[in-house]
Structures are given as C-alpha cells and as structure tokens.
Amino acid sequence: MAPGGGRRRGGGGGGGGGGGGGGGSPSSSSSSLSSCPPPLLPPLLLLLALPGGAVPVGDSVILGMRLEESTKPTAGAPTRGPIRVTEGSEVLLRLYGLGLGPWTGERVAFAELRPATATNVLIANGTCPERSQDLLVQPGPAEACDTSVLLRVRVQPLRKDEQAKTYVLCTQRRPGQPWAPHQGADGRIVVLEEKKSLLPLWLQVILIAGLLVLSGMFSGLNLGLMALDPMELRIVQNCGTDKEKRYARKIEPIRRKGNYLLCSLLLGNVLVNTTLTILLDDLIGSGIGAVVASTIGIVIFGEIVPQALCSRHGLAVGANTIVVTKFFMLVTFPLSYPISKLLDCILGQEIGTVYNREKLVEMLKVTEPYNDLVREELNMIQGALELRTKTVEDVMTPLQNCFMINSDAILDFNTMSEIMESGYTRIPVYEDERSNIMDILYVKDLAFVDPDDCTPLKTITKFYNHPVHVVFHDTKLDAMLEEFKKGKSHLAIVQKVNNEGEGDPFYEVLGLVTLGGCIEEIIKSEILDESDTYTDNRSKKRVGNQKNKRDFSAFKDPVNELKVKVSPQLLLAAHRFLSTEVTLFTPNFISEKILLRLLKYSNVIQELKFDEENKKSPRHFLYCKNKAAVYFILILQGKVEVEAGKECMKFEAGAFSYYGVMALSPSPVSEIRSLHVSSLNASASLSYHDRSDSVSSPVSGSNNQLNSGAPAPSNVADFSVRALTDLQFVKITRQEYQNGLTASRMDSCPQSPDSNAPKPDAGLPEKPEPSATADETTSLLNERNCLSRRSNHSPLENSI
C-alpha cells in the first residue's frame, strides 16, 4: 500500500498462539519512535480467556500485519486478500501481536508457497517450509509499545519467466523453537512482476504527438480528398487559379484511384489510432485512463480540427501532403490494393458528380449569393437550360392578340399607314377568317409600292410568295430555335389537332411564335423593339410602348378627305394665287408640292352657310376685333364685310381677298406692304399682282394695316370680318403652316451644286425659322424627301 495507509492482517499466531483479526488505523512510520497503535483488544481478550492464554515473558505472538509503505506501489491492489508488492521494491510492514520488540525481526521470516506441492501439506500440518531469501527482513523504526512493530522487507527481483510469487509469513515464539506458518490468506505476500515501459518517456511523448498529427492528417485527407471528385478536379485544372491548377494536377493522379486511396487512408487512420491507444495505456498505466485520453485526443485533434480545416482547404492540404499520402499508399499496398480492386469490381468505376438540367439550375439558384454572376447572366443561363423543357405554346402570341391583315386589302395610304403604325416587320395575311393564314407580308416588300397606286395586297404576296412555316403546339423551343436558325423564316404559325366534340379532327391555329420570342425566353427578359404593344413573357400581360408611337398623317394625301367639294380649277386657282401673291406661301418659303398638299388637307377649305334671319350671328364672323386669331383666311367664293381702323371704317371684299398673314409667323414681313390686297375695288380678280402698288387711300391704308401691321405678340386682330353671303374659304392655322414650312425645307435638301431649285430673291426676306424643333414626323419627312423624287406624279402636280 501507499505510505501512511495499509490494511491490518489478522490470523492464527505461530506456535501455541492463535488469534483473530482486529481493527486498526493507518499509522505513520516516518520517525524511529512513534506512538503505539491502539491495542488489539478482541484478540488479546480472547487469548486471556483461553486456558493457558497468558503469554510467557520472552515469547512473541504475531496476530496480523499490514503494509505501511512501498517504494514501488502496486496499482489496482484489492482491499482484501494477500498483500501485493512489486519485485525490487522495499516495503515497510507493521506487525500486530504480543511481546513484540526490537528482537521481533529475528523471529519473522517468509517461505515460498508453491501451489500443488508438498509445501502446502507442510503448512497444513503447522510446519513452515524452508525459509526463502527472496524477502529479506530487517528491523524497522523502534516503537515504545510491545503490541506492534515495524519491519522493513526488501523484495528481490523475480526470475525471468516468473510473473508472480506467493510467500507465507513464518514466526518463532522464542529462539530455538520451530517456525510456524501464519494461517489464512492475510498472512501471505504476493510478489508481482514490475511493469516496465515499452519506450522511454520522452520518446513516448514524441510518438504520441506525432500519432495525433497523423491521425488528424488521415482524417482530414479522407474528407478533403474524397470530397474532390475527378470531375471537379478536371474543372479546377481548366478554370481555376494558377495555384489551384497546380494543386489539382498533383492530386488528380492519385484521386483517380479512388478506392485504393480510400483504403490506404482508412487503414493508416486505424493503425495510427490503435498505436496511440497502446502508447497511452503504457504511459498512464491504466486501461480506462488510456481509453479516455485517446478518445479526447483523437476526437479533438484527430477529427474535429482537421476535418473543419480540410473541408474548406482540402485542395491545398491534399497537395502539400501528397508525399505522405503516397508513402502510406505504398506501406498499406499489400492490404489496401486487393481490397480496392474488389471494391472496383463490386461498385464499378467512380465517375464523379454529374448534374442534370434541374440540378444545375437549382445549384445556380442556391449559390447565387456566393458566385460572381449578375442577375441577368443567371437568367440567361437558367433560360438556356430550360429551353428544352418548354414548348412553343408557352411563348407564343395568342391569335386574338396578333396583328393581321386581310388578303383582300388594298395597299392605299390608310392600309400602309396602319401597317407602319403596328411596328411589325412580318405580318400574317389571312383569307376570310383570321385562323386561315395564307401568306406572310414583309414590310420590306412595300418598298416599291406607291400608296397612290392602290395596289391590291394579293399582287404583292403572290409576287414574293413567302413560305408559311407551321409548327405544332408541342414543339420544343430548342427545336424551334434550330428551325429559325436555318433562315427560312423568323415567324411560325402554331397549330394543334382539335379532335374535341363530334366530327372529324381539324387543325386549329393557336397563335404565332417568333425568333424574338424564343430569344426573350432564353434571356428571361423582354426585347423592346419597334412594336407599340407587346406581351410580357413572364406576367403574360400586354404592355403598351408609347415611346415609339408615330403619326404618319403628314405623309397622307388627303384629297379624298376634303369635307368641302371644290372644283379642281378653283383649287388650282387658289394654289396659284397663294404661291404668287402671298409672300409667305411663295416657293421661297413653301414648295408648290407641299402647298398643294396643304390645301388638300382636311378642314383647310371650309364652307359657311349664311343665315338670313340672324345676320349678326357670331358664327358669321371670321375675325372679331380685339380677339386673338392664329390663322390665315383666303376667301374663295362669297362676300365679306371688313371693319378696320379706329374710325371703324367698313368695306366689302370678295373672292381672293386674304386676312391674318401675320398670324402665321411671329416675325413681321418687310415686303408685306407691296403684296396686300385692296379690297375696296369690287372687281378684285385673280391677278392681284397687276394692281398698282401706288394705290393710296385711307381705305387702302386700313387694309394695309390689317394685313401688314405689326400685330401684338398675342395675335389679337384689330379688325373684324363678317360674312355677307355663303362663303367658301381657305383657313390655315399657324401650326399647319409651320408643319408645311418644315416639310418644304426638308423636301429641298440636300441640294446638289447644279440644282435648279428656285433661289430666294434678293429683295425677299429669308425663310423664317420654325418656332419648334422638328419632331419624329418631320424626321420621317426629311428621310423620305431627301431621296430622289419619283417621276410618276399626279397630273395636278405635273401642272404645278
């Protein structure tokens, strides 16, 4: 037992003595004279009660013993049974009895007890066998009492093939008497073989630390390398960084041998962990302690830390430890290689992780916060992967939302304007019903078509004869895209076989699909083209695009839209009069062609029916004094009454008298005085330029004032014009004049150096600039009029 503690052993005494065990407490033997332990009262009373129980003087009776201390304590010694000591140790025993003293050491010895021999018979007969020299008894520290004594016992080493020996305590009552063995198991000492360490302590510590490192490396490589499948290593070799490419090239050869690498790593891990446990058991000396220590060390340093590291940096760790991995693959080759080949035969070759379309799309969605793809790129990739899973029915434009044109249509200005305003370049042509699509009209087919010719649409479609591409509603988008890529057509009719109800099945047209629709489905976004209205391919809602809304009315020839019927002669006369007599309508400002179109425009020539019952009706006044007026009026037929000047002078005027010239342009015209019309002469005719410019009268002055006086910025008339009869007159607003002015200027550009276009006279003012910048309509006019003019004009235009 350890110093300061022990067990008391009791039993029969030697010779005529006998006794039993008694209680005792640990005692200290650090000094030569120590206090005597409590007497063993039960055994002593028993001895005194027996006949002849008194111990003679000089006799010694040993009742029991216990181990006080040992230089080599025995680990795990039981609390009961023989005392266990280690070979080569020196122990301190406390003997209990009567008549004990310094001489007791000479009367105590130990004899070897061999099982199944004659020694046991001698002990059973009360005779002690030959005393052994393996346990040498020496006196211990002296004590003042005679009931206990301390003895030192030196234990000799065991023989080489012996692991344990048992010795029995032999005592003499007095010198010269026979040696008697101590009866019972408490009088025996078992000498055990000393447990020696396998390796020196420093070497064990180094090996344990190294094994922990190897255990962590194998565990981490098992996770890091096996998580890098061959496919991923190929990807890293092609598109990784330079460092990653170098790491992948090192790992890829051994990673290709997946089962061989796995078996080598697992065998190495198991070997290292087992060796670690054995070394810890030898170092600690306790099996339970070795298990606990190895478990904690392997879990923390061999599993958690390395796997957490290799799960994030497995490529770098695997490449830097590739030499160690190859070494253990070579060491474990005899066992790991056959097992790996067996696994290859059973499980097959390792291919790696392969993603299908759905998994690849989902992987892109899940890794969106961590990759460097922008949202548009992700949508394009997703749309391209989903292209094969969608049909044309998913992206088509329903038939009721398609812009189509009847095959019986006439390509006049209204029809062509409607086509242009639709914004589409390919237009289905149907016959009778919208579902009966016969041809496809391309807008470029109308390049040589004159709206004035009123060409039938069938003439154009039969001439070009574009093929009509028809597909079924369940056609996949990838197949549809391949058809579009062949260049036959970029528009297809979607149909399906309708076999519902009674009767024979028939083909039902569902809608149209275009190349743009397929591309929009790939990029997952709308392509805003020239169409005014489109259907969002995600929300399936129709969205208006008002930015590109164009008005082609400026190109329209409004001959057939005149609300007032006038003879061609009167129209030509008005055109000639304005182009020669009114400065702002001369060719220097507005071309004759544009002026003719302006006169043919709707609401330019108007009629006024005179009411005889209400001659002062407000609708009879073409101009009202002191009221704003932003229009020009030329009287064609009928009579008017003009009231002008502060004197309110009144006079009548007839046909081809005009008013409100200054309302057309904000800037005054310097030569307007020579071009005014004197309306005092009742015989006012078409040739006002023959009239003398020297006519000077108060009335002519008034007329000059109302025609050429500088108006107020608000164009307030300082005269009034009232109808006296039924009237036909030309009414041109400032906006209409400005549009015609802008169109005329663009119609004349670009001018070639040898152009014979009319040059402005030196005495005439320059053309006034338009008050507003040209809009998209004027831009279209410019593009059109800058081209070479056609030679086939109407007779009226040729006469101009």
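Let's start with a pair of helices: the axes of helix 3 (residues 201–227) and helix 6 (residues 258–284) come within 9 Å and cross at roughly 155°. Keep in mind as we go that this is a predicted model. Angles over 145 degrees count as roughly antiparallel, and helix 3 and helix 6 are therefore roughly antiparallel to each other. As for handedness, helix 3 passes helix 6 in a left-handed crossing. What do the residues of this contact look like? They divide into 19 nonpolar, nine polar and one charged.

Now for the cysteines. The structure holds one disulfide, and the partners are cysteine 128 and cysteine 170, with sulfur atoms 1.7 Å apart. The torsion about their S-S bond is about 70°, so the disulfide is right-handed. Cysteine 128 sits in the loop between helix 2 (118–124) and strand 5 (135–139), while cysteine 170 belongs to strand 7 (residues 164–171), so the bond ties together parts that are 42 residues apart in sequence. Is this pair buried or exposed? Cysteine 128 is buried, and cysteine 170 is buried too.

Cysteine 518 has a relative accessible area of 0%, and buried means under 20%, so cysteine 518 counts as buried. Cysteine 648, on the other hand, has a relative accessible area of 35% and is partly exposed.

Four of them form an open sheet in the order 10-18-17-16, with mixed pairing. Strand 10 (397–398) and strand 16 (469–472) take the edges; each has a single partner strand, so one side of each is left without a neighbour in the sheet. Which strand does strand 10 pair with? Its partner is strand 18 (residues 506–514), in the antiparallel sense and over two bridges. If you'd like to find the spot, look for threonine 397, whose bridge partner in strand 18 is leucine 512.

Finally, take a look at strand 28 (residues 727–733). This strand is mostly covered, with five of its seven residues buried. Strand 21 (residues 605–608) runs antiparallel to strand 28 and is joined to it by four bridges; here glutamate 607 stands opposite glutamine 728. Strand 23 (residues 631–637) also runs antiparallel to strand 28, this time with six bridges, and isoleucine 635 stands opposite phenylalanine 729.

Note on methods: Residues are numbered from 1 along each chain as its sequence is written. This is a predicted model: local features need pLDDT of at least 70, side-chain atom pairs count only at pLDDT 80 or more; totals for chains, interfaces and linings use all residues. Side-chain values use heavy atoms; hydrogens and water are left out. Two strands pair if DSSP finds at least two bridges between them. Axes are lines fitted to C-alpha atoms, for helices over the stretch in contact, and angles run from 0 to 180 degrees between N-to-C directions. Angles under 35 degrees count as roughly parallel, over 145 as roughly antiparallel, 65 to 115 as roughly perpendicular and the rest as oblique. A crossing is left-handed if the near helix is turned anticlockwise from the far one by less than a right angle, and right-handed if clockwise. Ala, Val, Leu, Ile, Met, Phe, Trp, Tyr, Cys and Pro count as nonpolar, Asp, Glu, Lys and Arg as charged, and the others, Gly among them, as polar. A disulfide is a pair of cysteine sulfur atoms within 2.5 Å. Buried means under 20% relative accessible area, exposed over 50%, partly exposed in between (1.4 Å probe, protein chains only).
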